[in-house]
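Here are a few exercises to work through with the model open beside you. Try each one before reading its solution.

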Amino acid sequence: MVTAAQSFPAPARPRARAVRHLGPNWYATVMGTAILATAGAALPVRPPGLRPLLTVCWILSAVLLLVLLGARALHWRHHRDRARAHLLDPATAPFYGCAAMALLAVGGGALTAGRGLLGTRAAVLLDAVLFTAGTAVALTAAVAVPYLMAVRHRVTASEATPVWLLPLVAPMVSAALGPLLVPYLPAGQPRRTLLLACFALFGLSLLATFALLPLVFGRLVTGGPLPGALVPTLFLVLGPLGQSTTAVGKFADAAPGVLAGPDSRGLAVLAVLYGVPVMGFALLWLALATAHMVRARRHGAGFAMTWWAFTFPVGTCVTGAAALARHTGLVVYGALACALYVVLVAAWAVAAAHTLRGLLSGELLAAPRPKPAAPRRATGRTTSGAVR
């Protein structure tokens with residue numbers, strides 16, 4: 001005879017019930033906090049008192065990562081139905097790239113902002129562990145999510161959003177942060193292997209991004225503005241642009257003594273010839289995304305977790321501009337890095353304040369609201385180009 005306890009699953013504990021609707025997008029809070037430390041450490045100027053603040057930011061990001069890893073473990077253990085639904089949802093599955101980037105961002109911050117607290121040996125060990133784990137997750141997401149989109153999600157070009165870029169950008173974060181570990185490896189083959197592996201990750205992510213970005217831009221131009229909650233995701237396009245500029249700068253920094261003279265000089269040239277035009281496009285996209293966000297706010301768009309897209313992508317442009325300042329010697333890039341860092345701090349403060357308020361009210365972890373039966377008529381375009 002089957003008992004009642006065997007017939008019905010035991011109810012989840014209160015703590016487990018609280019994370020039922022916790023998705024992988026929450027890793028963006030870790031990324032956005034860690035980049036405060038990493039980008040601040042890359043600035044060409046060091047105001048008094050900045051270093052301890054960067055260490056505090058890194059500690060906060062590490063604590064957030066530990067909390068989220070535990071919460072997501074509870075989610076997978078007690079709410080596997082929701083976890084599977086996230087994987088099969090084309091709007092949520094790409095956020096698994098954020099899990100990889102959160103691991104990588106905290107690991108990189110251990111060397112750039114946490115070394116004074118941890119000591120060099122512990123910082124290198126922590127970064128090595130998180131870099132290895134983050135790169136493994138990044139490569140898995142870069143393959144698995146596009147595969148799911150092709151065979152299970154059944155998406156169309158009209159549904160393209162910048163969120164689709166997330167799993168493809170994750171290997172670029174590995175490419176940009178891996179060179180930090182090169183000096184701590186034995187000279188010769190180990191250092192060369194890691195540096196060229198990072199270069200391969202750079203190419204993997206860059207070519208995949210270039211293949212997908214026209215879809216996103218085409219959807220934006222021909223399909224009209226994104227829904228209000230998705231408008232902040234336009235800032236995600238800055239991620240591969242700023243991170244790739246950062247990566248080529250890091251390659252050039254790490255190459256002397258690791259690669260042969262001509263190869264090393266070639267990477268130094270690449271850092272400028274690639275970084276300058278890409279940073280120019282990043283500034284163009286920043287202006288375009290900002291204009292869309294201002295319009296969305298005027299039309300009543302409120303806070304959503306997508307507001308964290310204002311943080312990490314902008315932070316990568318800070319590190320990219322700082323890399324160009326090092327390799328070109330131009331003061332204007334140093335000034336750009338500082339200006340963008342001010343924007344980053346302001347964006348983080350706004351996103352963090354709204355997130356904390358939503359957590360305290362319980363709204364952010366509540367069940368999704370049911371969709372209306374009859375959606376409002378969207379603004380469309382006539383063949384003449386007029387808006388109706």
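**Exercise 1.** Is the crossing of α4 and α6 left-handed or right-handed? Work out the geometry and the make-up of the contact too.

*Solution.* Keep in mind that this is a predicted model, where local features need pLDDT of at least 70 and side-chain atom pairs count only at pLDDT 80 or more, while totals for chains, interfaces and linings use all residues. Residues are numbered from 1 along each chain as its sequence is written, and side-chain values use heavy atoms, with hydrogens and water left out.

Step 1: find the helices. α4 covers residues 50-78 and α6 covers residues 96-112; helices here are DSSP runs of H or I with at least four residues, numbered from the N terminus.

Step 2: get the geometry. The two helices pack at an angle of about 145 degrees, and their axes are 10 Å apart. Axes are lines fitted to C-alpha atoms over the stretch in contact, and angles run from 0 to 180 degrees between N-to-C directions.

Step 3: read the hand. The crossing of α4 and α6 is left-handed, as the term goes when the near helix is turned anticlockwise from the far one by less than a right angle.

Step 4: list who touches whom (contact means heavy atoms within 4.5 Å). α4 brings R51, W58, S61, A62, L65, L69, R72 and W76, and α6 brings Y96, A102, L103, V106, G109, A110 and T112.

Step 5: sort them. You get 10 nonpolar, 3 polar and 2 charged residues. Ala, Val, Leu, Ile, Met, Phe, Trp, Tyr, Cys and Pro count as nonpolar, Asp, Glu, Lys and Arg as charged, and the others, Gly among them, as polar.

**Exercise 2.** Is V106 buried or exposed, and which residues does V106 contact? Then do T38.

*Solution.* Step 1: V106 is found in α6, and V106 counts as buried because its relative accessibility is 2% (buried is under 20% relative accessible area, exposed over 50%, partly exposed in between, with a 1.4 Å probe and protein chains only).

Step 1: beyond four places in sequence, V106 is in contact with V30, A34, W58, S61, A62, L65 and L130.

Step 2: T38 sits in α3 and, at 13%, is buried as well. With residues up to four places away left out, T38 touches A105, G109, T112 and T319.

**Exercise 3.** Which residues touch the most other members of the largest nonpolar core?

*Solution.* Step 1: the core has 118 residues, and F202, F235 and F251 touch the most other members. Such a core is a set of buried Ala, Val, Leu, Ile, Met, Phe, Trp, Tyr and Cys residues joined through side-chain atoms within 4.5 Å.

Step 1: α6 gives the most to this core, with 11 residues.

Step 2: check F202. Not counting residues up to four places away, F202 touches M172, A175, S244, A247, V248, F251 and Y274.

**Exercise 4.** Where does R154 lie, and what is its phi?

*Solution.* Step 1: R154 lies in the loop between α8 (120-153) and α9 (166-177).

Step 1: R154 has a positive phi of about 55 degrees although it is not a glycine. R154 counts as exposed, at 59% relative accessibility.

**Exercise 5.** Where does pLDDT stay under 50?

*Solution.* Step 1: pLDDT is the predictor's confidence in each residue, from 0 to 100. The chain mean is 89, and 90% of its residues reach 70 or more.

Step 1: pLDDT stays under 50 over residues 1-11, with 2 contacts beyond four places in sequence, and over residues 372-388, with 12 such contacts.
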